[in-house]
Every structure is written in C-alpha cells, then in structure tokens.
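Please examine the structure shown below together with its sequence.

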Amino acid sequence: MPSVKFLRTSNLVKSFGSKDVLKGVDLALSEGGTTAIVGPSGSGKTTLLRLIAGFENPDSGTIELNNRMVAGDAWIPAHKREIGYVAQDGALFPHLSVAQNVAFGLGPAWKIAGRKANARRVAELLDMVSLESDMGERRPHEISGGQQQRVALARALARKPKLMLLDEPFSALDAGLRVATRKAVADVLHAAEITTILVTHDQGEALSFADQVAVMRGGTLAQTGTPFAVYTRPADLDTAEFLGDAVMLDAQLQGSLATCSLGGIPVRHAMIQGAVRLMLRPEQIRIVADGNIKGTVVDTVFFGPETTVRIRLAPVPSIAGGGEIITIRHWNAAMARPGMELRLRVVGEGVVFPAE
Ligand SMILES: Nc1ncnc2c1ncn2[C@@H]1O[C@H](COP(=O)(O)OP(=O)(O)OP(=O)(O)O)[C@@H](O)[C@H]1O
C-alpha cells in the first residue's frame, strides 16, 4: 500500500498558449519534510510552485494536500490552502514598517485580536526569525537583504501555514549572507515542523537545504531522491552534469567492474554491459604518493581553499586508452603545477550510462 503523503501532485500538466510548461509532474512530500525543486531556468519550477499555491489552475492532473483534493477534481482557493509563500525578492510593502509587514501576514485574525495581542504575536514572529523587536519600527529599505528575507518569512509564518513554499528566496543575497540566511530559515522551518518546498536553480543550495531533491528538466521531474542519492547516483547524464562537476570517461563494463584509463572502477546496480560512459565526481579522484594511475598536470586554477587541476591521463596500452583530460580539485596548489607528473587513486564507486 502506498504511504500517505502530505502533498501529492499526480500527472500535473500546464501550458501557457502553445508552450507546454509542465508535462506530467508526479511529486510526493512527507509531512514535515523539506524538498528542493532544482532545475535550469525555464524548466517549470515556479509554475509548479504556483499551481501548488493555488495561484494557477492545472490543465489536467490533481493536487492533494493534507488529505484534501485542492486542484484537479476539486478546487480550494489559495487563501484556504494554509500555505505560506516567500518570493525571490521578499515582496515586502515598502511603505509599511517591518512590524506592519509582519502584522499584515496575520490576515483577518489581526482585526479580531486586540492591539496588544497583535504586537505580542509580531514580536514573537520576529523573534522566531532571530530579528530584534526594535527592528519592527524600521522600513524595509532600512534593513539588509538577508533581514528582509527573514521578515518575509515571518510574514509568511504569521498564519501558521502547514506548507511553506520558498521561490528562490536567497538568490538576491550575496554569498556569505546567502548561506547564513538559508541556515536561519531552514532552522526556523525545521523547529516549527513545517513541510517546505524550496525552488532553486542552485545545486549546492538544493543539496544542502533539503532532505528530498526533485530535479526538474523540460517540464518533468528527471529524478527525485535524497541529496546523496541524486548526487552520487544520478539517473541520467544531464542530471549528473547539472548537479555538480563530473569526470566522464569511456569504459568497458564487465559484471560490476568498469575498466577505463583510471583502472578498474566498481559500479553498483549496472543495468548495461560492454561499452559505457563512466561518471565519477572529481572529489573521488585523489592525488597520491604512489599508485599505478599516472597523469600530467595540464594547468590549474587557484580558488583559495581549493585548486582545480586539469590532468592528462597517461596512455594505457592494455586497453588502448589514456590521453583523456580530466579536472579534479585539490586543497594544496603546490602539489600540482603544470607539467608535473602525478599518481592518482580513485575512491568509491562509479556510475555508468549508455555510451553515446
Ligand atoms: N504566465 C505565463 N504566461 C506565459 N508563459 C509563462 C507564464 N509563466 C511561465 N511561463 C513560461 O513557462 C516557462 C517556465 O517558466 P517557470 O517560471 O515555471 O520556470 P522556472 O524553472 O521557474 O525558471 P526560472 O528559474 O528562470 O525562474 C518559461 O518559458 C516561461 O516563460
């Protein structure tokens, strides 16, 4: 029997004019979980989020939320779905103070509760997102981008939503603030046990934020799984390359051993045999003092904490292979200078795809 899911979209289809944006999306979320929908620009991520929120109607397919049909065979409007929504730019009202922005999120309850109760609740919400209550007097332009996003979150939390939808809420922030704000937002949502969907085109953000990652491409979900599973066992080549840097080599697969210029690499769950494309993540390839696999440094790029190193693999006469250029990373720039000959070792398993 399938497990009961908090949110389930079934075969969701949506077009705008002649453009087919969603071509049958099946997504299921467990209660309290965090899902990241990641995919290239234009793949349909925001459209999916807007259908779930109730801002748009699907052409076909259904959405069930918390044991209710909300779209498809029935229609529950956005304001009755108990959903919070934080947009890319926070969308705060510029003419209202921070406290007034948050109070707006209380909705009709704001009119019923007394002034003191409202002020208390606003202070509570600001505290939840780690903002000092004296910030309440300020206007949005008087606080930082990260603080603005936290105010937007406080406003979205005001009505105690069961599901929080975050549409690229960190993308306008600079790198340091982005990481800190993301962590703060994740902690708040986790503590409040709110089921969350984050839309992002940033792989690192998706992998670090969520316990389920759904990879969207061309209006369908190419793969859904834990961050570890989608990163280490991508379902296809495009997903492999979208989720991070990949070292791709031609290989011959026999049983569960792929033979290539980097030696014999174990492969799990191989569905094919013979000529394949083998994928390894760069961090699986280590520079070692001693070993059979040789390569020569072509060039390097220094990034601070790490250096990317392009290496031309030595010829391997036994398989008529070698000569490929691979890119790996190393923490010590001095270990790899152009022209140096290195020894390499592969750790872990590879993933294979049909040969092109
Ligand atoms: N209201 C609309 N009318 C017409 N076309 C639309 C509408 N909304 C979205 N589209 C089109 O649908 C496609 C998918 O858009 P969507 O915003 O869902 O993608 P996305 O994956 O969120 O992209 P991005 O990361 O760039 O925001 C795009 O080609 C977009 O132009």
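Which residues in α5 are buried?

## Helix α5

The model is predicted. In helix α5, the buried residues are Gly146, Gln147, Gln148, Gln149, Arg150, Val151, Ala152, Leu153, Ala154, Arg155, Ala156 and Leu157. This helix is therefore mostly covered, with 12 of its 13 residues buried, where a residue counts as buried if 20 or more other C-beta atoms lie within 10 Å of its own.

The elements that cover these buried residues include the strands β6 and β7 and the helices α2 (98-104), α4 (115-128) and α6 (175-191).

In general, the strands of a sheet pair through backbone hydrogen bonds, and the pairing is either parallel or antiparallel. Strands β6 and β7 (residues 163-167) run parallel and are joined by 4 bridges. One of the residue pairs here links isoleucine 83 with leucine 163 of β7.

## The surroundings of the ligand

Which element supplies the largest share of the shell around the ligand? That element is α1, which contributes 3 residues. Both β2 (19-29) and α1 supply at least two residues of this shell.

The residues that surround the ligand are Phe16, Lys19, Val21, Gly39, Ser41, Gly42, Ser43, Gly44, Lys45, Thr46, Thr47 and His201. Sorted by class, the shell consists of 2 nonpolar, 8 polar and 2 charged residues.

## The four-stranded sheet

Strand β2, which takes part in the shell around the ligand, also belongs to an open sheet of 4 strands. The strands follow the order β2-β1-β4-β5, and their pairing is antiparallel. Strands β2 and β5 form the edges, and each of them pairs on one side only. From one strand to the next, the twist averages 30 degrees.

Strands β4 and β5 are paired in the antiparallel sense over 3 bridges. Leucine 65 has arginine 68 of β5 as its bridge partner.

## The loop between β4 and β5

Most residues other than glycine have a negative phi. Where is asparagine 66 found? Asparagine 66 is located in the loop between β4 (60-65) and β5 (68-71), and its phi is positive, at about 50 degrees, although it is not a glycine. Asparagine 67 lies in the loop between β4 and β5 as well, and its phi, near 65 degrees, is positive too.

Is asparagine 67 buried or exposed? Asparagine 67 is exposed, because 8 other C-beta atoms lie within 10 Å and the limit for an exposed residue is 12 or fewer. Asparagine 66 has 14 other C-beta atoms within 10 Å and is therefore partly exposed.

Notes
Residues numbered from 1 in each chain as written. Predicted model: local features only at pLDDT ≥ 70, side-chain atom pairs only at ≥ 80, totals over all residues. Pairing = 2+ DSSP bridges. Contact = placed C-beta atoms within 7 Å. Near = placed C-beta within 6 Å. Nonpolar A, V, L, I, M, F, W, Y, C, P; charged D, E, K, R; others polar. Axes fitted to C-alpha atoms, helices over the stretch in contact; angles between N-to-C directions.
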